[in-house]
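This briefing goes with the model shown below. Please keep the sequence and structure in view while reading.

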Amino acid sequence: MPKLVKKISLRKGKRRIPKGVIHIQASFNNTIVTVTDIRGQAVSWSSAGACGFKGTKKSTPFAAQTAVENAIRVLIDQGMKQAEVMISGPGPGRDTALRTIRRSGIILNFVRDVTPMPHNGCRPPKKRRV
C-alpha cells in the first residue's frame, strides 16, 4: 500500500503577476524597496540594510541599486512585465533606484513622486540665541 505524500508548494513562487507597483522609500539613512501587486499585497521587498550594508554605507546610491536588484529578481521570475513606480523621500538613492528599474527590462507605465509635503504644518522650534 503506497503512502500518500502531501506536496507542499510555496505560495510565493506560484503566483503569476503581470502588473505591479514598485514603492521606493529613499530616506537619508536607508532605501527601502517594496513591490506589490495592483491591490497592494506585498510580493517582495528589499532594503539597503537587508542587503548587508551597515552604517553610513546604507545611505549610498550603490546600496539603493543593490536593494532594487534584489527586489526585482523575484519579480522577473514571477513574470512581471509592467510596473508603476512610486518614489517617496529625499534620499541619495532615488535616482539610482529608478535607473536600475529602467535597466531591468520592466515596462514602466508611470513614475510618481509621492513625497509628503506639508502645507505649512507644524510650528518650527524657537530661534536659537547664542
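This is a predicted model: local features need pLDDT of at least 70, side-chain atom pairs count only at pLDDT 80 or more; totals for chains, interfaces and linings use all residues.

Residues are numbered from 1 along each chain as its sequence is written, and side-chain values use heavy atoms, with hydrogens and water left out. Helices (H or I, at least four residues) and strands (E, at least two) are DSSP runs, numbered from the N terminus.

- Helix α2 covers residues 61-77.
- Buried residues in α2 are Ala 63, Ala 64, Thr 66, Ala 67, Val 68, Ala 71, Ile 72 and Leu 75. Buried means under 20% relative accessible area, exposed over 50%, and partly exposed in between (1.4 Å probe, protein chains only).
- An α-helix has 3.6 residues a turn, so residues three or four places apart point the same way.
- The buried residues of α2 pack against β1, β2, β3 and α3. Contact means heavy atoms within 4.5 Å.
- The largest nonpolar core holds 20 residues. Such a core is a set of buried Ala, Val, Leu, Ile, Met, Phe, Trp, Tyr and Cys residues joined through side-chain atoms within 4.5 Å.
- Ile 22, Ile 24, Ile 72, Leu 75, Val 85 and Ile 101 have the most contacts inside this core. Two or more residues come from each of β1, β2, α2, β4 and α3. The most come from α2, which gives 5.
- Leu 75 touches Val 35, Val 43, Ser 44, Met 80 and Ile 106, leaving aside residues up to four places away in sequence.
- Gly 79 follows α2 and has a positive phi, near 85°.

**Salt bridges**

- There are 3 salt bridges in the structure. Each is a side-chain nitrogen of Lys or Arg within 4 Å of a carboxyl oxygen of Asp or Glu.
- Lys 19 meets Glu 84 at 3.9 Å, N to O. Lys 19 is partly exposed at 29% relative accessibility, whereas Glu 84 is buried at 14%.
- Glu 69 meets Arg 103, also in a salt bridge, at 3.9 Å, N to O. Here helix α2 is linked to helix α3 (residues 94-103), the partners being 34 residues apart. Glu 69 is partly exposed at 31%, and Arg 103 is exposed at 57%.
- Arg 94 meets Asp 113 at 3.2 Å, N to O. Arg 94 lies in α3 and Asp 113 in strand β5 (residues 107-113), so the pair ties together parts 19 residues apart in sequence. Asp 113 is partly exposed at 49%.

**Hairpin**

- Strands β2 (residues 31-37) and β3 (residues 42-47) run antiparallel and are joined by 5 bridges. Two strands pair if DSSP finds at least two bridges between them.
- Thr 36 stands opposite Ala 42 in β3.
- The hairpin has 4 residues between its strands, and Gly 40 in the turn has a positive phi of about 100°.
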